[in-house]
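Please read the numbered points with the model in view.

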Amino acid sequence: MERKIRVLIAKPGLDGHDRGALIIAQALRDHGMEVIYTGLRQSASQIAQAAIQEDVDVIGLSSLSGGHNTLFPKVVESLKEKGAEDIPVIGGGVIPDEDIPYLKEKGIKKIFTPGTPTSETVEFIESCVRGDHSE
Amino acid sequence: MSEQFHDRFQKWKEQVNRTNEKFPERKEKFVNKSDIEIDPLYIPKEDQLTNDYLEKIGFPGQFPYTRGIQPSMYRNRFWTMRQYAGFGSAKETNQRFRYLLDQGQTGLSVAFDLPTQIGYDSDDDLAEGEVGKVGVAIDSLEDMETLLEGIPLDQVSTSMTINAPASVLLCMYIAVAEKQGVPKEKITGTIQNDILKEYIARGTYIYPPKPSMRLITNIFEYCAKHVPKFNTISISGYHIREAGSTAVQEVAFTLANGMAYVDAAIESGLEVDEFAPRLAFFFNAHNNFFEEAAKFRAARRIWANLMKNKYQAKNEKSLRLRFHTQTGGSTLTAQQPDNNIVRVALQALSAVLGGTQSLHTNSRDEALALPTEESARIALRTQQIIAHESGVADTVDPLAGSYYVEQLTDQIEEEVLTYLERIEEMGGAVQAVEEGYMQREIHQTAYETQKKIESKEEIIVGLNEFQVEEEVHEDILRVDEQLEQEQVSQVQQVRQKRDQELVNQKLEKLRAAARDQKENLMPHILEGVKAYATVGEICHVLRDEFGEYSGV
């Protein structure tokens, strides 16, 4: 039997807005993925640790507090430190378009901004896992 | 019936006269452009009166307050226009406050950054990247002094969106007022102080429910004696709605939380009429215009009945549900953001027709970032246009008597009561929160909504229909990344300057008080902030004693 895609959905930093994270988590489950949701207020190192322990294929970060430029790259760094830089990281939330190039440069594969249909995120994750995503 | 109706009508007229003596009506005569005179209130003609009119609708300023909590509402004074603001440093936020007051805003509303809201100082590791982002960073009394500089606290009322550390920030506010020569008995404003909805929807909790409820009742008790004009809590449906609930769930969960606070205060030995007059509420306004207007009317009626019948409140002020409204942040789109101005106008209008006491209108760019000064001004102008140009404020509760609105009001009430029963059966709101009941209900609604939007069963203009090629939005507000470093060195300087021994002594006293269930913590916190103990230090002492909540 084919292994299910495993995704970690995480809330880095102190932001308590989890409506988006919870919706994404459920949408991915509805598409047959296995989703682990970390809950609020996770440090970069906790997120990286959880991703390794849970052996996930992708990490999805959500932040609506404006702290993404600090918080997202720290997760990528933490993965590197733990030798798990092969786990792709994607993100979403209230993120201005002009921050996206910086975040990509820091190793975040894709940023989903408000209004993105969940199906788009699902497709991206699937292509990530197949290894044929472009960008 | 008819006799009773006339008695109540007479009573209402007397109430209006008394109000007019204190606050004369805005105009000598209210007329529209056709020179038709507008009465303060329209009521059914004798042959239109139904048997349940007085029980369900009645007169404004009278039980059950369906038509509003004041006898002539906005004929005397408009609602308070209160824009939520705060970002970066205390100094920057102080400038934005002064700008908004110059522009005709009538009250302040402080947004704090996340470290402040969760009780961490700016130099805490956990604060990295979050300092000054979603609100102003306040570490010590010194920051609060800067924030409120030049703002006369005997004249301006201030609302503070602060929950878990509400006691600390309120004490800082009291301390600044005293420095200005304003005694704490005179200050007016509101602290949000609603921890239950933090567990349910907003996420800035610190301690577990039980000690959190104690802190809240300590504040009720202290303020009843010493800060009598401050609203000690703003029981909030706003965030529950933003997290995805329906309008019915918003009212139901908010009122259930309200009952839990009343229960806790009574259990701690307070009389209901000692604290209930200072309870305030905070609701959302989304796009479904009549549903929203009816929701506010229903909420007032339900609360009045609960307070009167369940809690046996005698003071009329205890029965009146006073509320602030903010338009719906989650209804705004990042796409074609100027369309949001129209959404906000509709939502604001529903709040005004629903009888709100104060209002925040969101800015068009809030799905992208914090509002720019220009966007914040348009948002305020939207309220001013409703107030001064639309004429909707010239008569009380103009939607009353509409078959549709009255029926909707009744149906919302009925569905809310069903929820309240269910929550009561579970053992009350605290229990329901601990079991994750409200959280699950909200999430389910949020997910259904998302699916409807994706299947286009629900049309969101500019998002899933009527799209255009989007432009990059260049003029968004950015918080200076330097700020964090400055704030870190500032709090460290404060620690160097102050009398450390005095701080230690005050913190140890607070610790001892925390261990004694019977002790009210407020005087100890006040002493601490006056000695320049920081938000983080005070909250850490209480964390040590109370433990931390870690979610369901």
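The points below go from the basis of the model to its chains, its contacts and some backbone details.

1. Basis. This is a predicted model, in which local features need pLDDT of at least 70 and side-chain atom pairs count only at pLDDT 80 or more, while totals for chains, interfaces and linings use all residues. Residues are numbered from 1 along each chain as its sequence is written, and chains are lettered from A and ligands numbered from 1 in the order in which they are written.

2. Overall form of chain B. Chain B holds 22 helices and 10 strands; helices (H or I, at least four residues) and strands (E, at least two) are DSSP runs, numbered from the N terminus. The C-alpha trace spans about 75 × 60 × 50 Å along the principal axes of chain B.

3. Burial and contacts in chain B. Of its 552 residues, 52% count as buried. A residue is buried if 20 or more other C-beta atoms lie within 10 Å of its own, exposed if 12 or fewer, and partly exposed in between, with C-beta atoms placed from the backbone. Among contacts between residues at least 6 apart in the sequence of chain B, 77% join residues at least 24 apart; a contact requires C-beta atoms, placed from the backbone, within 7 Å.

4. Domains of chain B. Domain 1 covers 73-454 and domain 2 covers 483-546, with bounds from an automatic or database domain assignment. Their C-alpha centres lie 27 Å apart. In the contact between them, 33 residues of domain 1 meet 24 residues of domain 2. On the domain 1 side, helix H5 (141-147), helix H6 (166-179) and helix H8 (209-226) of chain B each give two or more residues. That side has 18 nonpolar, nine polar and six charged residues; Ala, Val, Leu, Ile, Met, Phe, Trp, Tyr, Cys and Pro count as nonpolar, Asp, Glu, Lys and Arg as charged, and the others, Gly among them, as polar.

5. The sheet of chain A. Five strands form an open sheet in the order E2-E1-E3-E4-E5, with parallel pairing; two strands pair if DSSP finds at least two bridges between them. Strand E2 (34-37) and strand E5 (110-112) of chain A are at the edges with a single partner strand each, so one side of each lacks a neighbour in the sheet. Four bridges join strand E1 (residues 6-10) of chain A to E2(A), where A:Tyr37 is the bridge partner of A:Ile9.

6. Contact between the chains. Chain B gives 30 residues and chain A gives 27 residues. Helix H18 (437-454) of chain B is one of the elements that supply at least two residues on the chain B side, and the largest share, five residues, comes from H18(B).

7. Backbone details of chain B. Most residues other than glycine have a negative phi, and most peptide bonds are trans. The bond from B:Phe63 to B:Pro64 is cis, with omega near 0 degrees. B:Asp35 has a positive phi of about 70 degrees and is exposed, with 6 other C-beta atoms within 10 Å. Phi of B:Met73 is also positive, near 40 degrees, but B:Met73 is buried, with 25 other C-beta atoms within 10 Å.

Technical notes
Two residues are in contact if their C-beta atoms, placed from the backbone, lie within 7 Å.
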